Amino acid sequence: MLLQTMTPGTPYEAARVDGLLSEKRVSVRADGNRLWHFQHGDVEVGVLREGGQVVATELRIPLSERTDLVREVVAEAALLASGAGARLVDPQLGRSLSANDDGVVVDQYLRTVRYAGEVAGVPEAMSSSYGLSTSEGARGFQPGVKFFLIALGVFFFLYLLVDSLTTSLGGR
């Protein structure tokens with residue numbers, strides 16, 4: 001999600017948003033990025049630059065099956081945007097958001113999590129895309145190990161088959 005100017009093309013007042021963020025539970029990490037601490041998790045706060053100019057404040061929600069964090073972020077970010085005279089935008093939905101749009105954002109978020117888990121193989125999203133808890137997701141074999149074990153089983157079966165055929169034909 002992004003916090004942008006109300007009117008496209010006008011300069012973004014990052015200092016105004018940063019001032020309001022400083023009143024929230026925000027900490028600065030060693031890499032310079034900020035973390036906004038919520039009841040249900042943390043959201044990374046960064047800046048979006050185009051041509052060297054700051055054009056938006058970016059809120060990055062980590063991929064997981066926890067939709068409570070998404071709902072909380074939408075509500076708080078909408079309040080922050082209205083206080084800063086900015087607008088909250090979801091680039092995936094391609095529209096501005098209000099505090100009442102949390103259901104639409106959660107639906108899109110869950111589609112993204114499923115896609116990241118099934119197609120892109122993002123480990124954080126794998127458990128939610130397959131409906132497993134993280135402890136269950138860690139118990140399975142990797143695809144390469146599965147192939148190796150199956151191949152080993154097939155060769156062992158073929159060895160036993162050939163051995164029994166040669167014994168029954170009087171080969172020993």
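User: Where does Asp101 lie?
Analyst: In this predicted model, Asp101 lies in the loop that runs between strand E7 (95–97) and helix H3 (102–120).

User: Is Asp101 buried or exposed there, and why?
Analyst: Asp101 counts as buried, because its relative accessibility is 15% and the cut-off for buried is under 20%.

User: And what does Asp101 touch, not counting residues up to four places away in sequence?
Analyst: With those residues set aside, Asp101 touches Val74, Arg95 and Ser96.

User: Switching to Val45, which strand is that in?
Analyst: Val45 has its place in strand E4, which covers residues 41–50, and it counts as buried because its relative accessibility is 1%.

User: Which residues is Val45 in contact with, leaving aside neighbours within four places in sequence?
Analyst: Val45 is then in contact with Leu21, Asn33, Arg34, Trp36, Thr57, Glu58 and Leu59; as for Asn33, its C-alpha is 6.4 Å from that of Val45, with the two residues twelve apart in sequence.

User: How many aromatic pairs does the structure hold?
Analyst: The structure holds one aromatic pair, formed by Trp36 and Phe38 in a tilted arrangement, with 4.6 Å centre to centre and 40° between the planes. Both Trp36 and Phe38 are buried, and Trp36 is also one of the contacts of Val45.

User: What about confidence, what pLDDT does the chain average?
Analyst: The protein chain averages a pLDDT of 83, and 87% of the residues score at least 70.

User: Where does pLDDT stay under 50?
Analyst: That happens over residues 128–138, for which the model has 13 contacts beyond four places in sequence.

How values were computed. Residues numbered from 1 in each chain as written. Predicted model: local features only at pLDDT ≥ 70, side-chain atom pairs only at ≥ 80, totals over all residues. Heavy atoms only, no water. Helix = DSSP H or I, 4+ residues; strand = E, 2+ residues; numbered from the N terminus. Buried < 20%, exposed > 50% of the residue type's maximum accessible area, 1.4 Å probe, protein only. Contact = heavy atoms within 4.5 Å. pLDDT = per-residue confidence, 0-100. Phe/Tyr/Trp six-rings, centres within 6.5 Å; stacked < 30°, edge-to-face > 60°.
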